[in-house]
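Trainee: Hi! Could you walk me through this structure?
Mentor: Happy to. Let's open it up.

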Amino acid sequence: MKVDVVIDLCQGHARCQDRCPEVFGTDEIEGKCVILQPDVPAGLEQKARLAVRNCPEGALIILD
Ligand code: SF4
């Protein structure tokens with residue numbers, strides 16, 4: 001499973017980081033999402049999917 005962020009949609013609430021900090025981080029300058037592990041390890045897929053579902057801006061996408 002791969003994940004990505006549409007950075008123009010991201011508003012920087014860091015909900016993704018709260019749900020799955022192994023995969024999603026926060027840019028220290030702009031406060032927007034940074035993908036730490038674009039290729040999500042199998043053991044983190046459930047947490048990463050939860051983070052994607054909880055993004056209020058629909059900024060996170062699952063590529064496969
Ligand atoms: S939850 Fe969505 S809008 Fe908020 S920081 Fe993460 S990707 Fe950006």
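Mentor: Keep in mind that this is a predicted model.

Trainee: Switching topic, which members of the largest nonpolar core touch the most other members?
Mentor: Those are C16, V23, A48, A51 and L60, in a core of 15 residues. Two elements give two or more residues to this core: β1, residues 3-5, and α2, residues 45-53. The largest share, three residues, comes from α2.

Trainee: And what does V23 touch?
Mentor: Leaving out residues up to four places away in sequence, V23 touches V3, I35, L36, Q37, V40, L44, A48 and A51.

Trainee: Back to α2, then. Which of its residues are buried?
Mentor: In α2, the buried residues are A48, A51 and V52. They sit on the same side of α2, because they cover an arc of only 100° around the axis.

Trainee: So what do those buried residues pack against?
Mentor: They pack against β1, α1 (15-19), β2 (24-26) and β4 (60-62).

Trainee: What about the face of α2 turned away from the buried side?
Mentor: That face carries the exposed residues Q46, L50 and R53.

Definitions and conventions: Residues numbered from 1 in each chain as written. Predicted model: local features only at pLDDT ≥ 70, side-chain atom pairs only at ≥ 80, totals over all residues. Core = buried A, V, L, I, M, F, W, Y, C linked by C-beta atoms within 7 Å. Buried ≥ 20, exposed ≤ 12 C-beta atoms within 10 Å, placed from the backbone. Helix = DSSP H or I, 4+ residues; strand = E, 2+ residues; numbered from the N terminus. Contact = placed C-beta atoms within 7 Å. Arc of directions from axis to C-beta.
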